[in-house]
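Visitor: I'm new to reading protein models. Please take me through this one, a piece at a time.

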Amino acid sequence: MSAKTSVWLAFFCALCCLIHDADLRSIQQKASQCGYQSCHPTKPNMLNVHLVAHTHDDVGWLKTVDQYYYGSETRIQKAGVQYIIDSVVEALLRDPEKRFIYVESAFFFKWWKEQTTKVQDAVKMLVEQGRLEFIGGAWSMNDEATTHYQSVIDQFSWGLRLLNDTFGECGRPRVGWQIDPFGHSREMASMFAQMGFDGMFFGRLDYQDKDERLMTKNAEMIWHGSANLGEEADLFSGALYNNYQAPDGFCFDVLCSDAPIIDGKHSPDNNVKERIDTFLDFAKTQSQYYRTNNIIITMGGDFTYQAAQVYYKNLDKLIRYANERQANGSNINLLYSTPSCYLKSLHDAGITWPTKSDDFFPYASDPHAYWTGYFTSRPTLKRFERDGNHFLQVCKQLSALAPNKPEEFAPHLTFMRETLGIMQHHDAITGTEKEAVALDYAKRMSVAFRACGATTRNVLNQLTVQSKENVKDKAAKYVFEFKTCALLNITSCPVSEVNDRFALTLYNPLAHTISEYVRIPVSDPNYKIIDNKGVTLETQAVPIPTPVINIKHRNSTAKYELVFLATNIPPLGYRTYYIEKLDNTEATGKTRASPKSTTSVTVIGNSHIKLGFDTNGFLSEVTADGLTRLVSQEFLFYEGAVGNNAEFLNRSSGAYIFRPNENKIHFSADQVEIEVYKGDLVQEVHQKFNDWISQVVRVYNKDSFAEFEWLVGPIPIDDGIGKEVITRFNSDIESDGIFRTDSNGREMIKRKLNHRDTWSVRINEEVAGNYYPITTKIDLEDDTARMAILTDRAQGGSSLKDGSLELMVHRRLLRDDAFGVGEALNETEFGDGLIARGKHHLFFGRSTDREGVSLKALERLTQLEKLMPTWKFFSNMEAYSADEWQTSFTNTFTGISLVLPKPVNLLTLEPWHENQLLVRFEHIMENGEDASYSKPVQFNVKNVLSAFDIEGIRETTLDGNAWLDETRRFQFAPDPEEAAFNTYGTFEEPAKSVHLLSPEKPMLGVKYAEEALPAGQLGAQSNRIKRETNSEQINKDEGRSSKSSDGAYNSFKADSDSQDYIIELSPMEIRTFIVYLKTA
């Protein structure tokens, strides 16, 4: 920004402050209503142009959250959110005709807390009159590729709750606004629908898809959000014409350099005619691609309206002079509007709409820019977020279950909720922020862990120490530490390494009794583990792999992992184990390495699954369900493309973009060093591929799957080449180019190599263009066999050849991809490249006719247990012998009395308002995944939650902030099948070339790519002439089903006085309730 612009900005901010009190004193109370009732009227028989004044405020990107809010670090970006809201409120108070929408609750409530009661009352009036409208309403505008549905629901619940608590019904958004995420998931549409939203608008979609949709007037559609839930998951969705910025030349913000509207009657610079002509031409052009006589034009961009009066003054002139032309025959009507008012106009048009059943991944902005790199970028931050969600659920549950609730519990939980809400932002969990910002996110997470850690320590001490009679240090605030060891992922824990006697408390956040194999870092192999009943458990000590021990700056004395099977851990409860070091006379010894076979296959496994490794150390075969098939696993890496980004072909691989250099791929090793360890609890193969890639492959005695724990980094860059590391599983399964990936951890979506369901795609990047986001699972199968991999964080993945699944685990690149972040994705720690460690779980077996539970159902159940395993709390026990510990303390606890049926998950249990709980139950199976588990399930809520004194329950929308029985959504009618593909084709001669809209941020005024793309490169070319109905397209929804009404798989008979508490869940259904507790 120029010095002159900075002066202007300072002037306008000062002006706002001067007139602030005067404006508040002169508020005119206008009897108006919010929501759809507050919309300005449109004009029939005219093209109504809905001008939407908005700002897009990233909750961290180039600057940290606080830097964006306070407006610091202006050399990085001139953006200060507090000034935006100040300025907009002032402008709205001066003119009741103006409208503004705001989206990011994280910023709004930071601002709200700083305001006087007078200002807050004024803002409440604006909201009640619909002049300031909240859209979206979540804590942040979440990403849709790398987020897990549980985290998305949570951050919407919290943002919408604060809006509801503060503004009532008028604060509740009715429309989603996902204008900047880099692709859009089907599950997100389903969640919006289940939260009661009427529709959603978005900005980014594949450039070929967009061209096709515009040319066939299909940019606005009914999106079928679920293959299981029927119409209740349908959502009207619209692709914005112009991303989300103002038309070219009409960004009137102080951050822009576009000319204002100069209307001085005698001014030589008067440009009213020229400006209005240009704008109306733009409106006419846009209207050709949409179905009704209403179009939406976004007037704003990234961090716009820091001096709102500048933008609004020019919008006033634009509206005034454009509408004056109606007297001379113009049929265009401009009005201040909002996305919800625009949606209402579309609804009131009474026409039919196209439908969509797949999703908007992957997103390409030009022929060589596939936004599939961010599916993996910053893998350790992605895992940290998953750990954060895990601990948030533990913190919520223990806060609800606590016998006594000190006042600090609420702020601790709130801070963790809000931190996880920030982490869902589309430049946070995605890994597309600057590294300094990523570190700030990690720091926030660390503080949130400490805050909720204080709560969990308090609650667990309350539950464990029922009496102080046998407590030795009666002056201590807490008897036990209940510490979380944050570095268990690199097998390090000070409590277990330093103390000869310690306790391990396993808290189970699931509503099922579970058993779990546990690994504890220890410095000596000889320990005894006693459970709460005094029974000594079987243990096995396995050496920590050398590459893990050698991690630079790993400050740990642990050399072994102590393994044991923890059984029957109570639902929403804990079991504590006493662990004591043995003296040498009692020593049982460690697991010793088995000799490597040099002539035959090395086998590890159990009665359920066996893995064979060839003489070169690679996985070579898997036996399961009576099948023995060729299955191999290897690590490879792509070379990251390097270019100057000046033209499409010179695009670099970067934080957003995955673009391998000429699709070159390299094997990490042709010989693998292995060590084999076999014991009664676990069998392991330790593999070393090279100096920076190693792995442990293990099979536990009772598991039906194999665990692959990989360690990658520091990725070497001495050769000047960036690298994108993948693990690839190859099999002889004949998958015919078809595989499936999950949508935000819930429903699976069918993918086909080099294919898109809704248009004939041209893929110029064969690898990157076939990558999809994997939040939890990827699988493939044929008529006989099936292979699936569960991930422990979001990753990019694909099946590039039959029988093969690959997942990108880490990436280190040396060039920026020129989409705004301005630095290469070159993560370092302690001066070296970042090391990442994670797990994959491999399932293999029969695809059909499997005895007992189907493999798909087993994957679902395991997926849940891996997402929410026990949380491990460690406590020093030097002061208490095993007998004292066992007799003095309560070492087991359960929070629910009725275990839920296997297909049901207690998704949420948290304190809500006073004497209220927010509770969600979900059915985790899809229709047809299992003969038994995929049926509807009935159970009694009161019986499940009998630990609470329940007075009543009432069902809400998914977010927990609106009564379900009072929620009514707009209904939109689909096109008739036979007309769906012909009615709206545009019949015009194609241009010789087109310039694509630039996706580069920050987005202010419109930018187009300098390079012209030959028009024949766009998929829509074939659609500019009338075509026959495509029966394959029309039948694409054949697999879609409504809620299942088959007989219930499992039901529990309740007492007659509690029939009101019996609920039923169909496959993939989530039901949300407010539970009212009796006042103590």
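Guide: Let's start with the labels: helices (H or I, at least four residues) and strands (E, at least two) are DSSP runs, numbered from the N terminus. This is a predicted model, in which local features need pLDDT of at least 70 and side-chain atom pairs count only at pLDDT 80 or more, while totals for chains, interfaces and linings use all residues. Residues are numbered from 1 along each chain as its sequence is written, and side-chain values use heavy atoms, with hydrogens and water left out.

Visitor: Okay, where is Pro 362?

Guide: Look for the cis peptide bond joining Phe 361 and Pro 362, with omega at about -15 degrees. Going by the strands, Pro 362 sits in the loop between β11 (355-356) and β12 (364-366).

Visitor: And where is Pro 714?

Guide: Follow the chain to Gly 713, where the peptide bond to Pro 714 is cis, with omega near -10 degrees. The place of Pro 714 is the loop between β29 (706-712) and β30 (723-731).

Visitor: Is Asp 849 buried or exposed?

Guide: Asp 849 lies in the loop between β40 (836-846) and α17 (855-867), and its phi is near 55 degrees, a positive value in a residue other than glycine. For the cut-offs, buried means under 20% relative accessible area, exposed over 50%, and partly exposed in between (1.4 Å probe, protein chains only). With a relative accessible area of 74%, Asp 849 is therefore exposed.

Visitor: How many residues of helix α4 are buried?

Guide: The helix runs over residues 105-112 and is mostly covered. Among its buried residues are Phe 107, Phe 108, Trp 111 and Trp 112. They pack against several elements, including α3 (81-94) and α6 (149-167). Out of the eight residues of α4, the buried ones number seven.

Visitor: At roughly what angle do the axes of α6 and α7 cross?

Guide: Two packed helices are described by the angle between their axes and the distance between the axes. Axes are lines fitted to C-alpha atoms, for helices over the stretch in contact (heavy atoms within 4.5 Å), and angles run from 0 to 180 degrees between N-to-C directions. The axes of α6 and α7 (residues 186-194) come within 11 Å and cross at roughly 35 degrees.

Visitor: Which residues of α7 make the contact?

Guide: On the α6 side we find Tyr 149, Val 152, Ile 153 and Phe 156. Facing them, the residues of α7 are Met 188, Met 191 and Phe 192.

Visitor: How many disulfides does the structure hold?

Guide: Here a disulfide is a pair of cysteine sulfur atoms within 2.5 Å. One of them joins Cys 485 to Cys 493 (S to S 1.9 Å), and both of these cysteines are buried. The structure's count of disulfides is five.

Visitor: How many residues apart are Cys 34 and Cys 170?

Guide: These two form a disulfide with their sulfur atoms 2.1 Å apart. The pair links distant parts of the chain, with Cys 34 in the loop between α1 (3-25) and β1 (47-56) and Cys 170 in the loop between α6 and β4 (175-178); their separation is 136 residues.

Visitor: Is the disulfide of Cys 251 and Cys 256 left-handed or right-handed?

Guide: The sulfur atoms of Cys 251 and Cys 256 are 1.9 Å apart, and both cysteines are buried. The torsion about their S-S bond is about 55 degrees, so the disulfide is right-handed.
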